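Here is a short briefing to read beside the model on your screen.

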Amino acid sequence: MKNKILVTGGAGYIGSHTCIALHQAGYDIVIYDNLSNSSREAINRVSKLICAPIEFIEGDIRDSDALRQVFAEHQFIGVIHFAGLKAVGESVAKPLMYYNNNVSGTITLLEVMAEYKVKNFVFSSSATVYGDPEILPIDENSPRSCTNPYGQSKLVVEHVLEDLAVSDSNWNLITLRYFNPVGAHASGQIGEDPNDIPNNLMPYISQVAVGKLAKLSIFGNDYPTVDGTGVRDFIHVTDLAAGHVAALKYLEQQTSNIGFMPINLGSGTGSSVLELVTAFAEVTGQNIPYQFAERRAGDIASCYASADKAQSLLGWQAQLSITDMCQDTWRWQSMNPNGYKV
Ligand code: NAD
Ligand code: UFG
């Protein structure tokens, strides 16, 4: 009762893993999700993994009345806000849908939180807010800019949070900027379940490995990187989940309010696309046919985090390796070739 957290988007990929970590850390959770990109089966499986029922409310973050009801019925100490749309290409085709969902939805949530005086907020931001970085590794003070509506929606929310912190010093607004989340729960029971053909690298590789897709296209082999392919900071979703628990613990320890606080969650190490493909093939023993293709519009050469702030402030650092990421992705994919669909 004293440590109840509202988890918006808790049925999704990162949210479901975080719910397990929250439960293990002794938090009481309520999931609020409209299931637009997730399923009840994910929640069922989380419930089985933690051997406890989960309170789930199907609802939309843009529905202020529904949110009011949730806040009236529960005494939350804070909100972890995962709910949002995340497909970059779709955001270019449907910008209004993205701004409505990600920006208006977040504002509605913050308004209801203010009404109920719940002012601890952990927001899912993204390394995408750094655009094409001038300096690597990227620290939290790096300049921000975005080139697509998805990224803009994250950046606009960050600005909203900054203004909110200035307007009212009672807010604690931790903004976690995730780098490239991959992997799955070690049980193989929950993982990433893209609706269509995946846009992101790791789910694409694993669907090639399981035979659902014929061949991976590697977008660009002429970047100024170790082997010409793009470099990213892959971070295991279980480490990411632990980062959220560390953020809440940090908030609980503070004696004064912290306002707006951005923190990178990344491993601090860059790996190339080709290195990830090679690691996946080695770890799983699966053949991953690939071809080099043109650079993908909007992609950058290299992106990896300085994870120093997370380490010094939260005492958090990534523990799991690329090998773990590949093993766990493969366990999930091979045990659930159709994701949560039976
Ligand atoms: P996901 O799509 O698996 O999870 C998002 C969840 O939010 C889904 O369960 C969806 O049904 C729910 N949702 C969407 N709109 C909603 C609404 N209006 N009301 C209620 N629920 C709603 O995505 P994820 O990968 O778990 O990402 C979680 C968050 O982290 C997102 O905000 C995303 O933008 C951010 N993020 C993700 C990545 C990544 O690569 N996965 C990287 C950086 C940031
Ligand atoms: N890639 C391929 N082939 C594919 C898919 C991706 O070569 O089929 C390459 C990309 O060109 C890029 C790298 O793999 O070089 C990683 O691409 P992803 O699409 O997996 O990830 P991005 O770095 O482009 O973006 C991801 C999320 C964004 C988020 C960003 C930072 O999709 O939402 O990480 O967190 F903002």
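How many nonpolar, polar and charged residues does the shell around ligand 1 have, by class? The shell has ten nonpolar, twelve polar and five charged residues, where Ala, Val, Leu, Ile, Met, Phe, Trp, Tyr, Cys and Pro count as nonpolar, Asp, Glu, Lys and Arg as charged, and the others, Gly among them, as polar.

This is a predicted model, in which local features need pLDDT of at least 70 and side-chain atom pairs count only at pLDDT 80 or more, while totals for chains, interfaces and linings use all residues. Residues are numbered from 1 along each chain as its sequence is written, chains are lettered from A and ligands numbered from 1 in the order in which they are written, and side-chain values use heavy atoms, with hydrogens and water left out.

**Ligand 1**

- Around ligand 1 there are 27 residues, each with a heavy atom within 4 Å of the ligand; Asp 33, Asn 37, Ser 38, Lys 86 and Tyr 150 come nearest.
- Polar contacts are pairs of N or O atoms within 3.5 Å; within protein, one must be able to donate a hydrogen and the other to accept it, and residues adjacent in sequence count only if both atoms are side-chain atoms.
- A backbone N or O atom of Ile 14 sits 2.8 Å from an oxygen atom of ligand 1, and one of Ser 36 is 3.0 Å from an oxygen atom of the ligand.
- For Ile 61, a backbone N or O atom lies 3.0 Å from a nitrogen atom of ligand 1.
- On its own ligand 1 has 820 Å² of accessible area, and the protein covers 95% of it (Shrake-Rupley method, 1.4 Å probe; for residues, only the protein chains shown count as cover).
- Helix H1 (13-24), strand S5 (120-126) and helix H6 (149-167) are the elements that give two or more residues to this shell; helices (H or I, at least four residues) and strands (E, at least two) are DSSP runs, numbered from the N terminus.
- S5 gives the most to the shell around ligand 1, with three residues.

**Ligand 2**

- Ligand 2 is surrounded by 20 residues, and the closest are Ser 126, Phe 179, Asn 200, Arg 232 and Asp 299.
- A polar backbone atom of Phe 179 is 2.7 Å from an oxygen atom of ligand 2.
- Ser 217 brings a backbone N or O atom to 2.8 Å from a nitrogen atom of ligand 2.
- An N or O atom in the side chain of Arg 296 is 2.8 Å from an oxygen atom of ligand 2.
- Taken alone, ligand 2 exposes 680 Å², of which the protein buries 88%.
- Helix H7 (201-209) and strand S8 (216-219) each supply at least two residues of this shell, and S8 gives the most, with four residues.
- By class, this shell has ten nonpolar, seven polar and three charged residues.

**Helix H1**

- Just after H1, Gly 26 takes a positive phi of about 95°.

**Cysteines**

- The model has zero disulfides, a disulfide being a pair of cysteine sulfur atoms within 2.5 Å.
- Cys 19 is in no disulfide, and the nearest cysteine sulfur, in Cys 51, is 15 Å away.
- Cys 19 counts as buried because its relative accessibility is 0%.

Technical notes
Buried means under 20% relative accessible area, exposed over 50%, partly exposed in between (1.4 Å probe, protein chains only).
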